[in-house]
Amino acid sequence: MTKKKKGANEDKIIETKSKNVSGKSQKQKKPVEKELKPVEEGLKEEDLLQESGTDSDYDGDSLPGSLDSDDFDSDFFDSEDDGTQEGTEDGDVEFSDDDALEHEGSIDNEDDEESEQVESDKGEEDGSDEGSERGEAVEESDSSEDEVPSRNTVGDVPLEWYKDEKHIGYDITGKKITKKEKQDKLDSFLATMDDSKNWRKIYDEYNDEEVELTKEECELMRRILKGEAPHADFDPYAPYVDWFKWDDSIHPLSSAPEPKRRFIPSKWEAKKVLKLVRAIRKGWIKFDKPEEEPNVYLLWGDDSTSDQKSKHLTYIPPPKMKLPGHDESYNPSLEYIPTEEEKASYELMYEEDRPKFIPKRFTSLRSIPAYENALKESFERCLDLYLCPRVRKKRINIDPESLKPKLPSRKDLRPYPNSCYLEYKGHTGAVTTISTDSSGEWIASGSTDGSVRMWEVETGRCLKVWQFDEAIMCVAWNPLSRLPVLAVAMGRDLFFLNTELGTDEEQEITKERLHSGNIPEPEASVAAIVTWLPDELYGGIKIRHFKSISSIDWHRKGDYLSTVMASGETRGVVLHQLSKQKTQRLPFKIRGLPVCTLFHPSLSYFFVATRKDVRVYNLLKPGEATKKLETGLREISSMAIHPGGDNLIVGSKEGKMCWFDMDLSSKPYKTLKNHPKDITNVAVHRSYPLFASCSEDSTAYVFHGMVYNDLNQNPLIVPLEILRGHSSKGGVLDCKFHPRQPWLFTAGADSIIKLYCH
């Protein structure tokens with residue numbers, strides 16, 4: 001068979017393909033194998049072998065296995081509009097090996113099906129009749145098995161293996177497919193410039209040939225790249241066709257009950273929302289900030305209509321003058337001009353009721369005289385704008401609950417005392433003072449009836465009673481457990497009592513300390529203030545002061561004791577040393593009347609509270625006070641220090657309580673106004689973050705006071721409980737915390753001591 005005959009048959013194939021392009025709009029393709037039937041019928045096996053065996057006369061378009069422009073799928077190549085090409089070293093256009101080897105695995109099956117189809121159609125079709133070929137009703141299919149098999153049959157063997165060979169593979173008959181001679185780059189470039197259809201050509205490296213795409217295929221790829229339907233006839237918004245007939249239906253399609261998942265929230269949606277919320281909180285998802293409006297305004301615009309406002313909160317635009325009406329015209333209507341009688345009536349009116357302007361009529365503008373009050377009215381207008389107060393009161397609707405600070409729940413701050421657990425009864429007068437020992441097993445109390453009682457905490461049993469002639473002002477237990485000594489202050493006398501607790505060795509040490517046989521002679525400056533005397537009544541030691549004692553406080557080591565005499569002025573505070581039975585004055589001058597004193601829990605600092613201020617002194621460095629705490633209170637009544645030593649609580653006789661953070665400032669960190677009457681005492685727990693205050697209003701307030709080790713974090717103060725129970729006669733005179741448990745003891749003027757537990 002000659003090449004001319006094969007070329008004519010190939011032209012028929014191309015025409016048949018162009019006729020069937022419109023059929024692809026229904027998402028189907030014509031099988032290329034069936035289009036090649038007329039060609040294969042005219043070919044003889046000898047000619048095929050002759051053509052394939054001649055390498056030099058190879059024509060890529062003459063074989064049935066060659067690639068044609070219709071063999072490419074719609075998503076195979078770039079857009080027609082792009083016109084981009086992938087150039088090889090010699091300037092030819094190529095595509096990847098994977099695309100070219102897409103259907104090589106099904107070559108044998110396609111050949112068998114093709115041969116069977118040719119034999120079945122030989123008797124029905126004439127290969128020489130061109131019109132019968134075009135009119136053949138070929139069954140269309142979308143299957144990839146209907147595509148033309150590749151001419152190269154090497155399979156998955158990489159083409160790199162043939163890099164040094166003169167051929168690139170073998171055809172279906174086993175003959176070598178010789179490589180084409182590569183053109184020079186300059187010749188290749190000139191050829192592409194002369195060929196207007198060069199942008200449609202694709203180089204098939206696998207079969208070593210060029211394939212030209214048709215216009216229909218380029219249009220198909222262009223639509224796919226734009227995201228449109230591949231075929232122009234496809235309607236993506238076609239109306240819905242209900243294929244089910246509902247006319248004669250009696251039963252529903254499904255009578256199953258509604259599933260449970262339609263009534264419960266989706267857990268997967270909840271997880272997705274939670275994931276988005278977490279991403280927003282951690283800053284992984286960021287929202288666009290709203291665009292700021294340009295800060296522009298009309299330079300010559302009217303203030304009343306302008307949106308630009310002043311920076312002041314009370315800004316109000318000045319009022320505008322009334323615009324002139326018809327009566328102020330130079331030639332008004334006759335009804336606006338008053339008569340002589342009306343003018344005479346104006347003269348009889350008061351000046352404030354008289355009209356400011358009386359209309360007049362002029363024949364022309366030239367005859368209008370100057371306005372006599374123009375300068376006066378302008379001046380008054382400017383004066384009004386300058387002096388007139390314009391104030392706008394802004395009301396803000398705020399929920400009062402939102403102004404309250406957010407505090408933790410009281411349930412999270414437990415334990416704290418909230419209910420009365422035990423009452424200690426036995427005093428006949430008001431209980432003025434109480435004190436607990438370091439172990440927490442015993443509590444001592446003093447009353448106005450002159451008695452000092454020692455109670456057992458857990459049972460409420462009164463273990464011992466000391467009776468005196470005067471009202472007890474203050475009792476204080478020695479902080480050392482091995483020295484069970486109780487200090488009692490009444491009037492001008494200070495007694496050291498042996499409680500007779502502890503072991504025999506501890507009792508021997510206590511009796512030795514309280515032995516008054518070898519009292520040394522005091523100094524001349526101290527002899528006028530205090531006198532050490534033996535206690536003949538209870539066998540202890542008594543110290544007589546020159547003024548009445550109002551407060552006492554033990555040092556943490558249990559050897560020193562400070563006493564305060566409110567009316568003693570500069571000599572109102574002295575220090576007693578029990579081991580040496582010696583008294584000494586403070587090495588500094590006290591400014592004001594002293595109220596109470598405190599020793600620092602760990603350092604050598606001494607706190608002295610006067611009526612207005614609190615001064616901190618260093619006992620190792622005598623001189624001026626190291627710090628002055630300004631309370632701002634009317635009169636200080638009591639004072640307590642935090643176990644850490646950096647925070648101080650001060651109570652006043654006006655119902656206010658101040659919390660000082662001495663590392664932060666010399667002014668109160670917080671001022672609490674909780675009691676309506678005088679605060680009698682404040683107390684801080686040794687181990688729990690609790691502090692309390694008691695008042696003459698017969699209540700005791702319990703607070704949570706957490707002090708953090710981090711200096712950048714302020715203390716947390718939370719009110720917890722209001723303890724009531726004492727009668728309103730005299731109120732609560734003293735309160736103390738248990739040294740180990742979150743319990744609070746209160747001493748009332750109703751001669752009852754109450755224990756509040758959690």
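Is R544 buried, partly exposed or exposed? With a relative accessible area of 33%, R544 is partly exposed, where buried means under 20% relative accessible area, exposed over 50% and partly exposed in between, using a 1.4 Å probe and protein chains only. This is a predicted model, in which local features need pLDDT of at least 70 and side-chain atom pairs count only at pLDDT 80 or more, while totals for chains, interfaces and linings use all residues. Residues are numbered from 1 along each chain as its sequence is written, and side-chain values use heavy atoms, with hydrogens and water left out.

**Salt bridges**

- A search of the whole structure finds 14 salt bridges, each being a side-chain nitrogen of Lys or Arg within 4 Å of a carboxyl oxygen of Asp or Glu.
- R544 pairs with D493 in one of these salt bridges, the closest N and O atoms being 2.8 Å apart.
- Because R544 lies in strand β14 (residues 541–545) and D493 in strand β12 (residues 493–498), the pair ties together parts that are 51 residues apart in sequence; strands here are DSSP runs (E, at least two residues) and helices are runs of H or I of at least four, both numbered from the N terminus.
- D493 counts as buried, at 9% relative accessibility.
- Salt bridges that share partners also join E423, K425 and K754 into one network.
- R262 forms a salt bridge with E258, with the closest N and O atoms 2.4 Å apart; R262 is exposed at 56% relative accessible area, whereas E258 is partly exposed at 48%.

**Surface patch**

- L276, I280, W284, I285 and F287 form a nonpolar patch on the surface, with about 540 Å² of accessible area together; patches are made of residues with over 30% relative accessible area and no salt bridge, like charges being joined within 9 Å and nonpolar side chains (Val, Leu, Ile, Met, Phe, Trp, Tyr) within 5 Å, and accessible areas come from the Shrake-Rupley method with a 1.4 Å probe, for which only the protein chains shown count as cover for residues.
- W284 sits in the loop between α10 (267–281) and α11 (340–348), and W284 counts as exposed at 62% relative accessibility.

**A buried strand residue**

- A683, in strand β27 (residues 679–684), is buried with a relative accessible area of 7%.
- The C-alpha atoms of A683 and I641 are separated by 8.1 Å, although the two residues are 42 residues apart along the chain.
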